[in-house]
Amino acid sequence: MSQERITTLLTEKRSYLPPEHGKSSAWICGQEEYDALCRRALDDPSDFWGARASQLIHWFKRWDKVLDADEQRHKYRWFTGAKLNASFNCIDRHLISGRRNKAALIWQGEDEMDVRCYTYQMLYTEVCRMAHALSSLHIRKGDHVALYMPMIPELVIAMLACARIGAIHTAIFSGYAEGGVRSRIHDSKARVVITADAAVRAGKFKPLKANLDPILEKCPSVAHVVVVRRAGLDNVTMQPNRDIWWHDLIDDFTLNADFPCEPMDANDTLFLLHTSGSTGKPTGIMHSTGGYLTYAAHTTQWCFDMRDDDVYWCTADMGWITGHTYGVYGPLALGATTMMFEGVPTWPKPDRYWRIVENFRVNILYTAPTVIRSLMRLGEAWAERYDLRSLRILGSVGEPINPEAWSWYHKNIGGGELPIVDTWWQTETGGAMISPMPYATKLKPGSAAKPLPGIDAAVMGSGGRDGEEDGGSGHLVIRKPWPGMMLGVFNDEEKYQSYFSRFGCYESGDGAQVDADGYFWILGRIDDSINVSGHRLSTAEIEAVLAACPEVGEAAVVPMPHRLKGEAIYAYVVTRDEVPWSEDLRKKLRDTVRRDIGALASPEYIQFVEAMPKTTSGKIIRRMLRKIAGDTYEDLGDTTALADPQVLETIIIGHQNILQGQHETATAAGDEPASEGKEAAPGA
């Protein structure tokens, strides 16, 4: 494929103007205002960010300096000298601003009748009780508390209680198994772990406390385990002098439900959250109190045009950064009503999300492209049964969204009118970096639009030049600091510096392309690109073409070693319901990619699979697919994030069948195994 060829994503010609209805009352109500804010933020960042911090956050003590930058060591400290508390900003200040009896948190359990609602006053009481409880366990400012919990209100209460006393919380996704949990507890040196007897998922119980007990034998830092009775299991083993039930612990503080907030320095660590890199080794990302909270509130307000009467639902698990920023800290800092859901979108039926939207009159829905594609596969009839007119803004997060899924979301959930806020950001950035403004930005299906005011994003070629010199695509970098950026990597300075080593500014690891209008098109991880015979191809680009085929529900494209080309293209495809797997379909998919991108992009192998390996939040774990395609089954890295571990075994068997079929076909023909243009044998 020549470098001059415009990628498939950039051939997307559709665009949509922001809606007129609601524009006059929006926080950013037009392109001119957006452009003016961008100029101001880049011309005088200290003035811009200082003003936003003053508008959005309550400070016990104002800062001495907005930004203290050590460019040589890439250390950036925001609002130095300032004092604040995140729990105070998310709860206390709303009690005196007229929101005392407003719903702060609405929780929908997996059982439809299992609903809890906390006003800001009620949330304050519960957080203070838990702060007392943690203090009684001798947890103090700077101590680490691990939260290995399902999606229940106690998780939010625990996060805010830690913030209240100055403890650093480390949320651990409840879908992790032994290795993922142990590494995170051990790395953080947590003194207390808060968990539950079990998580409830798709009508089944997943034991958490029972999983935790053998793990803690290798985590000597843990002195206490607090257990929430979620599922009501009868056979929970409680170790004397270490384990205590949540309800027993907080009952001692029923009558004394006030606990003062610990004044925190703006650059004290608020939380530690681990990411899994391509090797599967968790990286502990630290976020500050002042800069992170400012950025969380700032992006929540502008990206989602958050209004005081909105019911806002971010579907992400609180174990991920999206759940932290846009499920807890951002909306609660603004005094909004935030939704929390324990279940999955397709259980007991594929209408679960739409039932929740109708039942609670949700105004803003923020979910992942994988969820959208999975619901799209099942058809729009599930959504048509419900009144979705309360929605006014839709959001997308977690990975690039292909234009077909964007269009389905826009048409069938948004009625062809609602703006879609397609956000690009990472655990390390703390909040959205590139995103449309819902009432100011023209929308292009599949594009994350433009950088937010104050974000200096660019695309750089491998040699450090502007991406335009290398054909318009390259490494997505951020050239100037922003308040939400990570403080550092816990106990790993070398890893932190690696983010800045190539270009001298923050390198995201993602590839991107910028079109003539300045819109960013995210191409996925740079290490997910494929170098076929010296031509670097974007996996996201190929995936977008495959996903646009009517027979395809999901597609994931990865590289595999090839003795002639260096790398070849391996595609995993989930077909839509009732679509049979066949050689004719394989040929059609190859021909479609060949036609839309070029012969070099045509997949060497196409493996049909029942499902992709995903986290419980719905994100495809592509590093595992890469290793399977490369026949490195014994080193899949951290597999504990998988929602369904059996998926891997099925995919591996299917992969082996495909390779065996290719080998037998080639041997019979006296030829090498099939390369581009030859059909793969049936498999998987």
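**Entry 1: confidence**

I made myself a reminder: where pLDDT is low, the predicted coordinates should not be read in detail. For the chain as a whole, I noted a mean pLDDT of 89, with 90% of the residues at 70 or more.

**Entry 2: an annotated span**

I checked the UniProt record next. Its unreviewed entry carries the annotation "domain: Acetyl-coenzyme A synthetase N-terminal", which covers residues 34-90. In the model I found that the end C-alpha atoms of residues 34-90 lie 27 Å apart. I also noted that 47% of the span is helix and 25% is strand.

**Entry 3: helix H9 and its partners**

I picked helix H9, residues 290-303, and asked how it meets helix H10, residues 321-333. Their axes are 8 Å apart and the packing angle is about 80 degrees. I can therefore call H9 roughly perpendicular to H10. On the H9 side I found Tyr292, Leu293, Ala296, Ala297, Thr299 and Thr300 in the contact. On the H10 side, the residues include His324, Tyr326, Tyr329 and Pro331. Sorting the residues of this contact by class, I get 9 nonpolar, 5 polar and no charged.

Then I followed H9 to helix H2, residues 45-56. Here the axes come within 10 Å and cross at roughly 85 degrees. That makes H2 roughly perpendicular to H9. H2 brings Phe48, Trp49, Arg52, Ala53 and Leu56 to this contact. Among the H9 residues that answer them are Tyr295, His298 and Trp302. The class count for H2 with H9 is 7 nonpolar, 3 polar and 1 charged.

**Entry 4: a sheet of 7 strands**

In what order do the 7 strands of this open sheet stand? I traced E5-E4-E17-E16-E18-E19-E20, with mixed pairing. Strand E5 (115-119) and strand E20 (420-422) are at the edges with a single partner strand each, so one side of each has no neighbour in the sheet. From one strand to the next, the twist averages 15 degrees.

I zoomed in on one pair: strand E16 (residues 311-314) and strand E18 (residues 364-367) are parallel and share 3 bridges. Tyr312 has Ile364 in E18 as its bridge partner. I also saw helix H11 (residues 352-360) packed on the sheet, where it touches E4, E5, E16, E17 and E18. The direction of H11 makes about 150 degrees with that of E17.

**Entry 5: a sheet of 4 strands**

My next sheet is open too, with 4 strands in the order E21-E22-E24-E25 and antiparallel pairing. Ignoring direction, neighbouring strands here are turned by 45 degrees against each other on average. Strand E22 (residues 473-478) runs antiparallel to strand E24 (residues 506-514), and 5 bridges join them. I could spot Ser473 opposite Gln513 in E24.

Is the peptide bond from Trp347 to Pro348 cis or trans? I found it to be cis, with omega near 0 degrees. Pro348 sits in the loop between E17 and H11. I also stopped at Asn241, which is not a glycine and yet has a positive phi of about 70 degrees. I located Asn241 in the loop between strand E11 (224-228) and strand E12 (243-245).

Technical notes
Residues are numbered from 1 along each chain as its sequence is written. This is a predicted model: local features need pLDDT of at least 70, side-chain atom pairs count only at pLDDT 80 or more; totals for chains, interfaces and linings use all residues. Side-chain values use heavy atoms; hydrogens and water are left out. Axes are lines fitted to C-alpha atoms, for helices over the stretch in contact, and angles run from 0 to 180 degrees between N-to-C directions. Helices (H or I, at least four residues) and strands (E, at least two) are DSSP runs, numbered from the N terminus. Angles under 35 degrees count as roughly parallel, over 145 as roughly antiparallel, 65 to 115 as roughly perpendicular and the rest as oblique. Contact means heavy atoms within 4.5 Å. Ala, Val, Leu, Ile, Met, Phe, Trp, Tyr, Cys and Pro count as nonpolar, Asp, Glu, Lys and Arg as charged, and the others, Gly among them, as polar. UniProt positions are given in the numbering used here, feature names are shortened, and annotations may be inferred rather than shown by experiment. Two strands pair if DSSP finds at least two bridges between them. pLDDT is the predictor's confidence in each residue, from 0 to 100.
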